[in-house]
Amino acid sequence: MSVRVGILGATGAVGQRFIQLLDDHPTFDLAAVTASADSAGKTYREAAKWRVDTPIPDGVAEMTVAETTPAGIADADVDLLFSSLPSGVAAEVEPAFLDEGYVVSSNSSNDRMAADVPLTIPEINPGHLDLIEVQRDERGWDGALVKNPNCSTITMVPTLAAIDRFGIESVRVSTLQAVSGAGYSGVTSMEIIDNAIPHIGGEEDKMETESRKLLGEFDGAEVHLHGADVAASCNRIPTLDGHLENVFVEFAEDPSPAALREAMRSFEGVGSLPSSPDQLIKVFGEDEPERPQPRLDRTYADGMGIVAGGVQSTDAGAKYNCLAHNTIRGAAGASLLNGELLVEEGYV
């Protein structure tokens, strides 16, 4: 089955990752790329300052960039859209596509916590996708909107889902986030070299709320948030890619570090989705407490996996470290996986 797809906001950092990941995809054929009015009408090569570490795929460089409107892609015969628009723009633009019947898998942060919008990680909560039926009834859309979580949230939540069998009661997390998470121009060299910035606007709230929605229960009509108390401290550090996070968890039970490592290690991917790793979480043992590290481990499973290590008991529960590639697994790759799930479940 071949599915024609488009990218909204294709010239930005995440849009470029989408293009890289869609190259030679077994299901998706890229049929449309959009950007701002200033870029519309140019070839993609002319419009995009390409910064990904592989060349622009054959066939994409000479594609004509369309305006980010339904009329702009009307002739492209697109079945599914991936959105990497800034959240303020997406909040205005995405509904126009949904009204026209498009299915949108979006990385943009707007509407992630809306009651009728699935916030989905396919390996964690694929059943939440059925919120689309509620969404269509309530909003009158012919299309459908699915969101993936924030890049820091998606690094932590798979590990929590793996160990929730022990009854997670509270989570404390401190993040060490790469500069690419702020976009190419988001943090200047004068700010970040020889420095760390102990605040990322809005990031802490996203981790604290999105994680509870992702781990929550869907009863067929609404998602009931997970009952754990979650608190986050988010920090920017001078690494290029890969968010490293220090997680502290309290449980109803008293699992050993070995039990926690095994629970994470055995947590399965979604084998039917081509972009989901067979082993979602790679876990380092007690003999390698210095891992994971961004430079060494961010490309695990082509950047689509999660890496954990440093699992230890504490007086209150346990602590460990986890890592993921923030622009692959944490952004474009997450939306790509949701698109694959939408196809598998018959929404596309």
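In what order do the 6 strands of the open sheet run? They go β3-β2-β1-β4-β5-β6, with parallel pairing. Two strands count as paired if DSSP finds at least two bridges between them, and the helices (H or I, at least four residues) and strands (E, at least two) are DSSP runs numbered from the N terminus.

Before you click further: this is a predicted model, where local features need pLDDT of at least 70, side-chain atom pairs count only at pLDDT 80 or more, and totals for chains, interfaces and linings use all residues. Residues are numbered from 1 along each chain as its sequence is written, and side-chain values use heavy atoms, with hydrogens and water left out.

Next, select residues 3-8 and 80-83, that is β1 and β4, which pair in the parallel sense over 4 bridges. Zoom in on L8 and you'll find its bridge partner in β4, S83.

**Helices on the sheet.** Now show α1, which packs on the sheet and touches β1, β2 (28-35) and β4. Contact here means heavy atoms within 4.5 Å. The direction of α1 makes about 160 degrees with that of β1; axes are lines fitted to C-alpha atoms, for helices over the stretch in contact, and angles run from 0 to 180 degrees between N-to-C directions.

**Annotated sites.** Select C151 and H243, listed by UniProt as "active site" in an unreviewed entry. Although spread over 93 residues of sequence, they cluster in space, with a largest C-alpha distance of 8.0 Å. C151 sits in helix α5 (residues 151-163). UniProt positions are given in the numbering used here, feature names are shortened, and annotations may be inferred rather than shown by experiment.

**A pocket to finish.** Where is the centre of the second largest pocket? Look around L21, S275, A301, D302 and M304, which lie nearest to it among the 14 lining residues. The elements giving two or more residues to this lining are α1 (13-22) and α10 (328-344), and α10 has the largest share, 3 residues.

A pocket is an open set of points on a 1 Å grid over the protein atoms alone, where a 1.4 Å probe fits, with protein on both sides within 12 Å along at least five of seven lines; lining residues have an atom within 4 Å of a point.
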